[in-house]
Every structure is written in structure tokens, then in C-alpha cells.
Amino acid sequence: MAESESGADKSEEPTGKRLEESRKKGQIARSKELNTLAVTLTGTVALIIFGAYMGNMLMDIMRGNFSLPRDVLMNEGSMAQYLLASGKQALLATQPFLLALLIASIAGPIALGGWLFSAEALQPKASRMNPLAGLKRMFSVQALAELFKALAKFLVILAVALVVISADQDDLLAIANEPVEPAILHSLNVVGWSAFWLSCGLILIAAVDVPFQLWSHKQKLMMTKQEVRDEYKDTEGKPEVKGRIRQLQREMAERRMMQSVPQADVVITNPTHFAVALKYDPEKGSAPLLLAKGGDFLALKIREIAQEHQVMVLESPALARAVYHSTELDQEIPAGLYLAVAQVLAYVYQLRQFRAGKGKRPGPLPDLPIPPDLRRDT
């Protein structure tokens, strides 16, 4: 089990944030052996496929350059033209082979860890030039693993090379007795297949190195329990800070709510524990809206603001509790309370008419119909 610099055990899996930060720094699992395998194996396969094509093209170049007419040989200006033409033909001959190597050199690194470009990884760091840090890396477990890996690679390739040379011995001896052109093509074929089997020997090295690199990278990112707790605090916020933010949000919401009370048509109270402020706009034709609601101290503040701005305050405990528990701020009241609220608004209208000297004084507010599913007992 890995240990941190403080000596604590790194027993926790790396979090998503830790993995993301690692990628931003360019720290991902990479296997040089996998890259080498991809390039060499692709190169040898391309050599086998395009070897005859490249051999014939290169022989045409040699044949043409060794059979130049005398007047061309004596003309210094024509040599540059022939050299340029030969270079273009050679590039055309090797283009499929070089293109295959280019694709393999890109696909190999991204096969493990994916595509990544990190500007932070390119920045110079003084720690990389520290001799003590360099010595520490030289005698680390990673360096020891690299040493054993290099030794194993040498032994595997040596064993495969001996087997390949032994198997190709007859072909190698036969090439000496062949004409030049067939010998060149035969040599390319032997070299291609020999390189292919040598490249296949790297599969064993890569099969061991890839899991090791994944394990090593994961061990570097392992976290202590304290690091996980600290990261959670940084991500989610400290409890006291979150509590303060929620308090400020509540205070802001309450201030906005209190500013809406003067616009209400009526404030219905419990009379002391609950208060709700409702507004109905007949031009919009929608249901009444809940502009403000509160309990205890907030209910008292709503009543005080309503009285200060001459908003009608009525007592209806059942309706106040029903609206308070069933409706959110700036939302319409539920359909089950339409009739009860309509009676309250009609009562408010009659009371305003009476106070303006345009009608009789209305009687007491009747019992309001509250559906059982919306009724909230004390």
C-alpha cells in the first residue's frame, strides 16, 4: 500500500476530480513498449506488403541513374535535375511505408490513456533539473522495473532472433547464388518476415508492461482518507460556508417576498402562526398567485407590512394553512382552493365598497370550503 509524504496510507481510490487534474497535468498511463510494438509491427507488416513495390521502384532509380547518356554526365546543370527527380521517385516509393509508420506512431500512444495535449506538461520545471531528484529516480522502484524490463526485452529479442536466423539460414545462403534483381526482392522478403517475427517478440513485453503501467499510474494517484475529505470540502464547500450562503439566500428571498406584500389583494392569517399574501389579476384570467408566505415571525412581518400599506388582512386559519402548505411562492393556488379564495376576494371587494360608501357592510366571512386533501389541521 502506498504512503503519502506525511506517512499516511493511501488506501482510497482516486476521485474523478483527482483523475481530471492528473490529465490536465499530462499525467496519464503510458507504455513505451506498446508504442514500440505498434511502430515496429506496423512497419514490418508494411514492409512485407509494400516491399516488392519499393524494391522495384528503387531498382528503377538505380537502373536509370547508372545508364545516363554521356552528354548528361558532362552537363553539370543536368545533375541537379536528375537528383531531384530521383528524390521524388524515392519518396513516392517509400510513401506507403512512411505513412503506415506515421499512423502507428500516433495510434500507439493514444491506445493507452487516449488523446491528450497538456500545455502544463510542457512548462519547464526546476525539479526536473535537480540532481538529487534525478538520483532518487535512478534508484527508485520504477527505475528498477525499467532495468528488468530492458533486460527481459533483450533476452526475448535475442531468443527470437536466434530462432529466426536458424529458420532463415537456407534462404540467406540461397540469396548469394541468385541474380541481382531477384536477390534484392528475395532479401526484402526475408528481412520483412524476420523483422515481423522479431516484432512479435515484443508482444510479450507489452503484455506485461501495459498492466504494470496502469497499476503504477493508479498507485501514484491513490489518496489518503484526509485527502478525500479535504477534496470533498473544496468541491462541496465547507459546512459553515454553505450554511452562511443558505442563510444569505433565505434573507434575500425574504426581502424580495416582503417587497411583494404591498401588491397583494388580501393577506389571510392563522391568525398568529401563518400568513399568506394573495393577488388576483382578472385581466390575465389566471388563478390567484401566492406573493408571500411565512410562519411565526415572518407571518407577523407580513401582517405589519400589509397594514402599513392598507392591504386587507383577514383571518381564516384553515385557508391560511392550506395555502401555506400547498403553494410555492409566485405559483398559482391549486384548483381545489379556487372556490374558497374566490369567496375571500368577493368578501374583500364588498368590504372595500362599503368603506368607499358604495354599498352595505358585508356580514362575517362564511365557512370556506377546503377539500380534505388540502386541509391541514393544527
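## Strands, helices and buried positions in a predicted model

Strand E1 and strand E4 (residues 312–315) pair in the parallel sense, with 4 bridges between them, where two strands are said to pair if DSSP finds at least two bridges between them. This is a predicted model, in which local features need pLDDT of at least 70 and side-chain atom pairs count only at pLDDT 80 or more, while totals for chains, interfaces and linings use all residues. Residues are numbered from 1 along each chain as its sequence is written, and side-chain values use heavy atoms, with hydrogens and water left out.

The protein has 14 helices and 4 strands; helices (H or I, at least four residues) and strands (E, at least two) are DSSP runs, numbered from the N terminus. Of the 378 residues in the protein, 30% are buried, where buried means under 20% relative accessible area, exposed means over 50%, and partly exposed lies in between (1.4 Å probe, protein chains only). Among contacts between residues at least 6 apart in sequence, 74% join residues at least 24 apart, a contact being heavy atoms within 4.5 Å.

### The strands

In E1, Val266 and Ile268 point one way and Val267 and Thr269 the other way, and all are buried. Besides its pairing with E4, in which Val267 has Val313 as its bridge partner, E1 is joined to E2 by 4 bridges, and these two strands run antiparallel. A hairpin of 4 residues links E1 to E2. E2 is itself mostly covered, since 5 of its 6 residues are buried, and on its other pairing 6 bridges join E2 to E3, again in an antiparallel run. The bridge partners named for these strands are set out below.

| Residue | Partner |
|---|---|
| Val266 | Leu278 in E2 |
| Val267 | Val313 in E4 |

### From E4 into helix H13

Ser316 lies in the loop between E4 and H13, and because its relative accessibility is 10%, Ser316 counts as buried. Leaving aside residues up to four places away in sequence, Ser316 touches Ile268, Thr269, Leu365 and Leu368; of these, Ile268 and Thr269 belong to E1, where they point opposite ways. In helix H13 (residues 317–326), the residues Leu319, Ala320, Arg321, Ala322 and Val323 are buried. The elements that cover these buried residues of H13 include strand E1 (266–269), strand E2 (274–279), strand E3 (289–295) and helix H14 (338–355).

### Helices H7 and H9

The axes of helix H7 (residues 141–167) and helix H9 (residues 180–221) come within 9 Å and cross at roughly 160°, where axes are lines fitted to C-alpha atoms, for helices over the stretch in contact, and angles run from 0 to 180 degrees between N-to-C directions. H7 and H9 are therefore roughly antiparallel to each other, given that angles under 35 degrees count as roughly parallel, over 145 as roughly antiparallel, 65 to 115 as roughly perpendicular and the rest as oblique. The contact is made by residues including Ala145, Ala152, Val156 and Val160 of H7 and Trp197, Leu198, Leu202 and Phe212 of H9. The residues of this contact divide into 13 nonpolar, 5 polar and 4 charged, where Ala, Val, Leu, Ile, Met, Phe, Trp, Tyr, Cys and Pro count as nonpolar, Asp, Glu, Lys and Arg as charged, and the others, Gly among them, as polar.

Leu68 is found in the loop between helix H2 (32–65) and helix H3 (70–73), and because its relative accessibility is 17%, Leu68 counts as buried. When residues up to four places away in sequence are not counted, Leu68 touches Leu73, Met79 and Tyr82. Leu68 and Tyr82 stand 14 residues apart in sequence, and their C-alpha atoms are 9.6 Å apart in space.

Ser11 lies in the segment before helix H1 (16–24), and Ser11 is partly exposed, with a relative accessible area of 31%. Although Ser11 and Met222 are 211 residues apart along the chain, their C-alpha atoms are separated by 6.7 Å.
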